Amino acid sequence: MRWACVLLPQLALDAVLRGRADSAAALALVSGSPQRRVLRAVNAAARALGLRPGQSLSAAQALSRDFALVEYDQAQVERCQRFLAAWGYRFSSQVSLDYPRVLLLEIESSLGLFGPWPRFEARLREELTSLGFRHRIVAAPNPLAARILANAHDGLAVASPEALREALGRMPIERVGLAGEVASALARMGLRRLRQVLALPREALARRFPAEVLGHLDSLLGQRPLALEFYAPPDEFDQRIELNYEVESHQALLFPLRRLTADLAAFLAGRDSGVQRFSLHLEHAEGAASRVAVGLLSAEREPAMLFELARGRLEQQQVVAPVRGLRLSARDLPRFVPEHRQLFDQRPQQALPWEQLRERLRARLGDDAVHGLCARADHRPECAWQPTEASRPTVASGGPPRPGWLLHQPQALGESTPRILAGPERIESGWWDGGDVRRDYYLIEMRGGQRAWAYRPAGASGPWLLHGWFA
Amino acid sequence: MGAVVALDALLDQRRVWKGRPTSQPASAQPTGHAALDALLPTGGWPAAALSEILYAADGCGELRLLWPTLARLTASGERVALVAPPHLPYPPAWQAAGVDLRRLALIAASGREALWAAEQCLRSGSCGAVLCWLPQADDRALRRLQVAAETGQTLAFAYRPLTAARNPSPAALRLAVDACPAQLRVLKCRGGLPPAAPLSLAGLG
């Protein structure tokens, strides 16, 4: 078995930075009691200003004031780590979060699918970079060795036990995961490298040090199995990005929205499911969050499409109050059935299946903007149609000609004496549902040469009402 | 230079080359009206291009012109999108014309949204034909539609008022439908000279 260790050296910082559009600006995470605020992590731009982790906030502010401050949020870091585990679950069925800021993946059984390790590793790196996480990746024959080697290496791949012993032997003794006092005791004995410790007789080590030391060394070399707890993906997606400024326009919400939908797509791909309904919550400083529901007619998981749909819905929504946070939650995750495509499709490149096109149109124009047309067996013209898609083909019934256009509301006819080409045709129906009509319809020709369908109330010579055009 | 040279002699000596009209490939999209097909250079609608129908007023036969095409497309399972129709398509009449209503999609939109929707439908390539009603559309909007129709390999029909006939247009085919007298004029057709004589609408049925 082989294991890959993905070490995330600045997870807390990345978790904040990826939610911000200006990742190059100086940023520092602070924690501690209100009396003694301490910098927990700083990014490269802040480091250039002279800020260091461990500095007190007042000392940092004495150096510079041009950096943003964000509260260090342990819960957010854990959420981020769980999200990364969900991402890693796409590549391996055994993903462990046992160590902080570390993702351990079992890779031996995934190599068949994701190619030889260099290609697999390149893919992991590419996806992590696009998700916005700094990382170091090391592969080794056992999980603990991978974790320890990641302390000092990036991109190292160790295959055989001999090579592993060699690589571990070069590690300095303080960085191999031994307890602090053990490491310093070994260093005081003049043992600087692990190689020197491994060369010692086991009995001597067992006599001088607690039993855990030998156990740790055995696990490192893969001579003792290590019990790890594996990640099990959750059943629903819920993630939020806190904005550390107040947003009052849609435009500024698009960047965090793109992040959230991309995360959702990554999560769905890991579960091999799609999403049919999800909701966006715009959290305000005060008052209840406003909710934007996004519904699709079929399960989808294309990131660009999810973003575009969510954006369409969001842009219709009024931002009633400044937004402080954006949350995306999806509970309903049905199975994803990829659309069936022909290998030799004649349609051009930008082709979009009708279902996706319909979603796109509905997202921008409104839910009711796109509809079908269906005939109803009713003599009243206004009742003879329905805005739904017909389920079965309907056959045309013979009879007098009908106009191609029906006006939504009958209008008064401008002319008083039009030329009558056919009629009258009496339509009298609807006494049972309150929409009683008694009309005499005529096919008339207007002065301009147009043909129209107009009626007068039955038996009366009242004004003409225009109801359709023979177009 | 003053000498008069007989044209026949020149042609016989092969000093003047006489171009022959190249025959256009027959269109795969006949209009369904034999008289109109005969007038058009490709014998049908220009495929994957925008056709403009400029009509004088509602009710002068502008739908009858397209019904045979729509009936043929819907019968073969293609979808037809109507973007921003001015009135409601009355099902009995459309069925009587042979249009399969299940293949019809109505898209309610107005102004610029209608243009956007029509372009999306055309680009997607998932429709057999897209009909849109554009009371106000400028040259650039039509060009976008024309490009979208080419991209999506879709028949595009734009209904516009007859007053727009004065302005130039990038459409491949421009038809004007007059109400009085009821006649059809070809204003422009790609790949040939527009025929001078109008076509009586009564003959189209």
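User: In this predicted model, which residue is the bridge partner of His371(A) in strand 4 of chain B?

Analyst: The model is predicted. Strand 12 of chain A, residues 370-371, pairs with strand 4 of chain B over two bridges, in the antiparallel sense. His371(A) has its bridge partner in strand 4 of chain B, and that partner is Leu106(B).

User: Which strands are the edge strands of the open sheet of nine strands?

Analyst: The order of the sheet is 12(A)-4(B)-2(B)-5(B)-6(B)-1(B)-7(B)-8(B)-9(B), and its pairing is mixed. An edge strand here pairs on one side only. The two are strand 12 of chain A and strand 9 (199-200) of chain B.

User: In what sense do strand 1 and strand 7 of chain B pair, parallel or antiparallel?

Analyst: Strand 1 covers residues 50-55 and strand 7 covers residues 173-178, with five bridges between them. One of the bridge pairs is Ser51(B) with Leu173(B). The sense of the pairing is parallel.

User: How much area is buried between chain B and chain A, and which residues in chain B lose the most?

Analyst: The buried area is about 4100 Å², with 62% of it from carbon and sulfur atoms. Contact involves 47 residues of chain B and 45 residues of chain A. In chain B, 19% of what that side buries comes from three residues together, the ones that lose the most area: Leu88(B), Tyr90(B) and Arg102(B).

User: Which side chains meet in a salt bridge across the interface?

Analyst: The rule finds one salt bridge between chain B and chain A.

User: Which element gives the largest share of the side of chain B that touches chain A?

Analyst: Elements that give two or more residues to that side are strand 3 (88-89), helix 4 (91-96), strand 4 (104-107), helix 5 (112-124) and helix 6 (139-152) of chain B. The residues of that side divide into 28 nonpolar, eleven polar and eight charged. The largest share is seven residues, and it comes from helix 5 of chain B.

User: Why is chain A described as more spread out than a compact globule?

Analyst: Chain A has 15 helices and 19 strands. For its 471 residues the globule rule gives 23 Å, and the radius of gyration is well over that, so chain A is more spread out than a compact globule. Along the principal axes its C-alpha atoms fill a box of roughly 120 × 55 × 40 Å. The radius of gyration itself is 35 Å.

How values were computed. Residues are numbered from 1 along each chain as its sequence is written. Chains are lettered from A and ligands numbered from 1 in the order in which they are written. This is a predicted model: local features need pLDDT of at least 70, side-chain atom pairs count only at pLDDT 80 or more; totals for chains, interfaces and linings use all residues. Side-chain values use heavy atoms; hydrogens and water are left out. Contact means heavy atoms within 4.5 Å. Buried area is the accessible area (1.4 Å probe) that two parts lose on being put together, summed over both. A salt bridge is a side-chain nitrogen of Lys or Arg within 4 Å of a carboxyl oxygen of Asp or Glu. Helices (H or I, at least four residues) and strands (E, at least two) are DSSP runs, numbered from the N terminus. Ala, Val, Leu, Ile, Met, Phe, Trp, Tyr, Cys and Pro count as nonpolar, Asp, Glu, Lys and Arg as charged, and the others, Gly among them, as polar. Two strands pair if DSSP finds at least two bridges between them. The radius of gyration is taken over C-alpha atoms; the globule rule is 2.2 Å times the number of residues to the power 0.38.
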